Amino acid sequence: MIEIKDLHKSYSTGNNSLHVLKGINFSVKEGELVSIMGSSGSGKSTLLNILGMLDEADQGSYTLDGVPIKNLNEKLAAQYRNKFLGFIFQSFNLINYKNAIDNVALPLYYQKVGRKERDERAMHYLEKVGLADWQIICLISYLVVRNNV
Ligand SMILES: Nc1ncnc2c1ncn2[C@@H]1O[C@H](COP(=O)(O)OP(=O)(O)O)[C@@H](O)[C@H]1O
Ligand SMILES: [Mg+2]
């Protein structure tokens, strides 16, 4: 599902360059549960940003479901993100002028699921958790599309 080969990433700030990812290799199969651990500043977010196609590596390859993730345009990247990836951000990233159902159903809208089915699927999961907590709603907006990653 995910294949990372010899991944490198540096940040340049002014004249300095900070080499954060120094040749990373790993793969994750579909359904596998993996956690990334490391001290603060070790590059976890850097790696996750690349995996989530929010940023690109300088060197090495990233293959997602057999597709090389390289130089994708915004539209294609957004399509793959919607199809394969779910994010639970620390800062929630929910849309505050939308209600709970609409937030949960939004990824389904982008998957062109019809309004009725969107609402039914969103409601189904919201009822399961008792509609309560915003963090839970954020998690559910990921579960409802039954993402692979
Ligand atoms: N956009 C950026 N520009 C410059 N340096 C950055 C940037 N993002 C992260 N860094 C630096 O890269 C290193 C790794 O950061 P990060 O991936 O956020 O680590 P972690 O998530 O493991 O705490 C840190 O030293 C951080 O200061
Ligand atoms: Mg981090």
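**Around ligand 1**

Sorted by class, the shell around ligand 1 holds three nonpolar, eight polar and one charged residues. It's a predicted model, where local features need pLDDT of at least 70, side-chain atom pairs count only at pLDDT 80 or more, and totals for chains, interfaces and linings use all residues. Residues are numbered from 1 along each chain as its sequence is written, while chains are lettered from A and ligands numbered from 1 in the order in which they are written.

Q: Which residues surround ligand 1?
A: Y11, T13, L18, V20, G38, S40, G41, S42, G43, K44, S45 and T46 do, counting a residue as near when its C-beta atom, placed from the backbone, lies within 6 Å of the molecule. β1 (2-13), β2 (16-28) and α1 (44-51) each give two or more residues to this shell.

Q: Which element gives the most to the shell around ligand 1?
A: That's α1, with three residues. Helices (H or I, at least four residues) and strands (E, at least two) are DSSP runs, numbered from the N terminus.

Q: Why is Y11 called exposed?
A: Y11 has 12 other C-beta atoms within 10 Å, and exposed means 12 or fewer (buried is 20 or more, partly exposed is in between, with C-beta atoms placed from the backbone). So Y11 counts as exposed.

Q: Where does Y11 lie, and what does Y11 touch?
A: Y11 lies in strand β1. Leaving out residues up to four places away in sequence, Y11 touches L18 and V20 (contact means C-beta atoms, placed from the backbone, within 7 Å).

Q: Which residues of helix α3 are buried?
A: In α3 (residues 100-110), they are N103, V104, A105, P107 and L108.

Terms used
Nonpolar A, V, L, I, M, F, W, Y, C, P; charged D, E, K, R; others polar. Contact = placed C-beta atoms within 7 Å.
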